[in-house]
Amino acid sequence: MNRLSFYRLLVRIGFALLILLINFACTNPEGSEGIEVLDPTEENEESSDTPEGLYFPPSQSPEWETLSPAMLAWDSNGEQALEEYLLSKDTKAFIVLKEGKIVVEWYFGDHTQNTSWYWASAGKTLTSYTLGIAQEEGLLSLDDTSSDYLGVGWTSATAEQESAITVRHQLTMTSGLDDTAFDCVSPECLTFLAEAGSRWAYHNGPYTLLQQVISSASSSSFEDYFNSRIRNRIGMDGFWFSTSGTNNVFFSSARSMARFGLLNLANGQWNGQSILGDTAYLNDLKSPSQELNSSYGYLYWLNGQDDFRLPGLQALFNGQLIPNAPADTFAGLGANDQKLFIVPSQNLVIVRMGEDAGTSQLGPSSFDTELWDLLNAWIVYD
């Protein structure tokens, strides 16, 4: 599927959104049938890797502690310039957390604290986290052959070629399957192009099928498993919806994206309970996952690397992905400039939801560097 077709699909979201929001109001926040529901109040030993002093907002409550920019000595002129820029770029919601507390929370137009918006490919990070939990629970291994969960014949490749594709290849965008039919998950679209592990290509089809892998391994729907393991335990709202009949997109409030960013900042811990405790997986998640694109981890984009590749291109670009952002920044980046930035060195989480800012890219875009120019003029770093 080409990019124009992708954007047309996004237009369809608008027609479905009102109905979906009504359905969302009926979503069961306590868990789902058919799978074990973990107790969100369960106390587990907190990881020693969790940064000290992080604040976690309570679940099922609008309460969220704040820190004023003035208390942090951030530049007030820079704040005004940032807000005006975001407004000019059709932003719907913008949140900055420092040590888990809200520094700014801005909504534009008719968007509110409770309005749902799509994450686009920034939601790939949710699938990555859920997969890590499934592996931690012993339901699967990244090195398993994908056919173990998707069945033989899930591609049009030969049996030998298909059996070489593992869950890890799906997770790292290195399946070797032709990415021309971008969203398609049918075997006739998933054709062999290169040996698994030898080519990096941003490809929604094999990614989307990771959710089926999790469903097969857990004997439940992907959404039920995700809700019970992540969403409900950290107080998120939101739901998954297929925008094309194949590619599942997550919708939620901006605060829910901020909550997930805070979970990342806290290295998989949430107020004393372990959501994802596999430290090796967490480290790999935000490290180069293969040698073909050093700026891509486990469905996360990574800053601070020597080079990068972009969606839809095979060219290798020298330099950092976002040269003016802190080097340790890792991110969920989605079409139409949906952004989730996590900066461990500064205990920052930054969320942007909205319309296309004018870049028309599927993930990383020039909006990233423009935004960070303004953030750098406002924020006083530790």
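I began with Y118, which stands opposite F251 in β5. The model I am reading is a predicted one. The strand pair here is β3 and β5 (residues 248-252), which run antiparallel and are joined by two bridges. I then traced the sheet they belong to: an open one of three strands, in the order β3-β5-β4, with antiparallel pairing. I noted β3 (117-118) and β4 (239-242) as the edge strands, each pairing on one side only.

**Six-stranded sheet**

Next I looked up the other sheet. I read its strand order as β2-β1-β13-β12-β11-β8, open and antiparallel in its pairing. At its edges I found β2 (101-107) and β8 (301-302); each has a single partner strand, so one side of each has no neighbour in the sheet.

Strand β11 (residues 330-334) pairs with strand β12 (residues 338-343) over five bridges, in the antiparallel sense. I took G332 as a reference point there and found L340 in β12 as its bridge partner.

I looked for what lies across the strands. Helix α9 (residues 254-265) lies across β1 (91-98), β2, β11, β12 and β13 (348-354), and I noted an angle of about 150° between α9 and β13.

A side-chain tie goes with this. R255 and E105 form a salt bridge, 2.7 Å from N to O. I placed R255 in helix α9 and E105 in strand β2, 150 residues apart in the chain. R255 has a relative accessible area of 12%, so I list R255 as buried. E105, at 23%, counts as partly exposed.

**Helix α11**

I checked the length of helix α11 (residues 366-378) first. Its 13 residues should span 18 Å at 1.5 Å a residue, and the end C-alpha atoms are 19 Å apart, which agrees.

Which residues of α11 are buried? I listed F367, D368, L371, W372, L374, L375 and W378. Seen down the helix axis, these buried residues fall within an arc of 165°, so I describe them as lining one face of α11. The general point I kept in mind is that an α-helix has 3.6 residues a turn, so residues three or four places apart point the same way. I then asked what the buried residues of α11 pack against. I found α2 (76-88), β1, β2, β11, β12 and β13.

**Salt bridges around α11**

I counted eight salt bridges in the model. One of them joins D368 and K339, at 2.7 Å from N to O. The pair links helix α11, which holds D368, to strand β12, which holds K339, across 29 residues of chain. I checked burial for both ends: D368 is buried at 2% relative accessible area, and K339 is buried at 0%. I also noted that D337 belongs to a salt-bridge network with K339 and D368.

The last pair I looked up is D382 with K98, where the closest N and O atoms are 2.8 Å apart. D382 is in the segment after α11 and K98 is in strand β1, 284 residues apart.

Are D382 and K98 buried or exposed? D382 counts as exposed, because its relative accessibility is 67% and the cut-off is over 50%. K98 counts as buried, because its relative accessibility is 4% and the cut-off is under 20%.

Note on methods
Residues numbered from 1 in each chain as written. Predicted model: local features only at pLDDT ≥ 70, side-chain atom pairs only at ≥ 80, totals over all residues. Heavy atoms only, no water. Pairing = 2+ DSSP bridges. Helix = DSSP H or I, 4+ residues; strand = E, 2+ residues; numbered from the N terminus. Contact = heavy atoms within 4.5 Å. Axes fitted to C-alpha atoms, helices over the stretch in contact; angles between N-to-C directions. Expected span 1.5 Å × (residues − 1). Buried < 20%, exposed > 50% of the residue type's maximum accessible area, 1.4 Å probe, protein only. Arc of directions from axis to C-beta. Salt bridge = Lys/Arg side-chain N within 4 Å of Asp/Glu carboxyl O.
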